[in-house]
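Subject: Structure for your review

Hello,

Here is the structure you will need, with the sequence alongside. My notes on what was found in it follow below.

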Amino acid sequence: MPGIRETRTLPYSCEQMFDLVADVARYPEFLPWVVATRVRADSDTEMMADMLVGFKAIREKFTSRVTKERPRRIDVHYVDGPLRDLDNSWVFHPEGEGCRIDFCVEFTFKSRVFEALAGQYFDRAFRRMMAAFEERADALYGSSSSSAQSAA
């Protein structure tokens with residue numbers, strides 16, 4: 001399954017970053033292409049949520065089951081939508097006064113042809129969404145001077 005990995009160290013606590021990522025209901029406020037979200041069920045350890053993603057006239061709904069281990073980890077498991085598979089994980093590690101975040105997303109398109117075409121744009125879209133999470137953290141918790149590393 002194709003995937004992208006990113007590591008960022010931010011000057012915020014792991015609890016703050018966990019809360020930001022777990023707040024799916026607010027994604028339309030800051031994530032590009034997220035038109036709407038609906039949290040179907042939520043507890044301290046699990047969430048079921050729908051996300052409507054749109055670009056121009058295209059709209060697609062994704063349903064995911066989110067498992068939460070506060071403040072260490074969030075795993076997102078694809079349930080339904082336009083792809084064959086889409087899973088991601090966020091792992092939060094205390095580092096100095098801040099938090100190192102290891103993020104991984106793996107995806108498989110239903111169509112191999114579409115995967116070849118869209119795969120080249122997926123990396124750029126992923127980087128833009130990661131930047132949106134960092135900007136949201138800066139807006140909520142203060143200005144950042146993060147260090148970012150990535151590995152594909």
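The largest pocket has a volume of about 1400 Å³. A pocket here is an open set of points on a 1 Å grid over the protein atoms alone, with protein on both sides within 12 Å along at least five of seven lines; lining residues have an atom within 4 Å of a point. Points are joined across faces, edges and corners, and a volume is the space filled by probe spheres set on the points. Of the 41 lining residues, V53, F62, F122, A125 and M129 are the closest to the centre of this pocket.

This is a predicted model, in which local features need pLDDT of at least 70, side-chain atom pairs count only at pLDDT 80 or more, and totals for chains, interfaces and linings use all residues. Residues are numbered from 1 along each chain as its sequence is written, and side-chain values use heavy atoms, with hydrogens and water left out.

Which element gives the most to the lining of the largest pocket? That is α3, with ten residues. Elements that each supply at least two lining residues are α1 (14-22), β3 (46-55), β4 (58-69), β5 (73-80), β6 (83-95), β7 (98-109) and α3. Helices (H or I, at least four residues) and strands (E, at least two) are DSSP runs, numbered from the N terminus. By class, the pocket lining has 34 nonpolar, four polar and three charged residues. Ala, Val, Leu, Ile, Met, Phe, Trp, Tyr, Cys and Pro count as nonpolar, Asp, Glu, Lys and Arg as charged, and the others, Gly among them, as polar.

The structure also holds one cavity of 30 Å³ or more, a cavity being a set of points where a 1.4 Å probe fits but cannot get out. The largest cavity has a volume of about 60 Å³. R8, L10, M17, V21, W90, I101, M130, F133 and E134 line the largest cavity. Two or more of these residues come from each of β1 (3-10), α1 and α3, and α3 has the largest share, with three. The cavity lining counts seven nonpolar, no polar and two charged residues.

As for the fold, the chain has three helices and eight strands, in the order β-α-α-β-β-β-β-β-β-α-β along the sequence. Of its 152 residues, 38% are buried (under 20% relative accessible area; exposed is over 50% and partly exposed in between, with a 1.4 Å probe and protein chains only).

Two residues deserve a note. D50, in strand β3, is buried, with a relative accessible area of 5%. The D50 side chain makes polar contacts with the side chains of R38 (2.5 Å) and T63 (2.7 Å). A polar contact is a pair of N or O atoms within 3.5 Å; within protein, one must be able to donate a hydrogen and the other to accept it, and residues adjacent in sequence count only if both atoms are side-chain atoms.

Y141 is in helix α3 (residues 112-141) and is partly exposed, at 28% relative accessible area. A polar atom of the Y141 side chain lies 2.9 Å from the backbone oxygen of Q16. Y141 and Q16 are 125 residues apart along the chain, yet their C-alpha atoms are separated by 8.0 Å. Beyond neighbours within four places in sequence, Y141 is in contact (heavy atoms within 4.5 Å) with Y12, Q16, D19 and L20.

Regards
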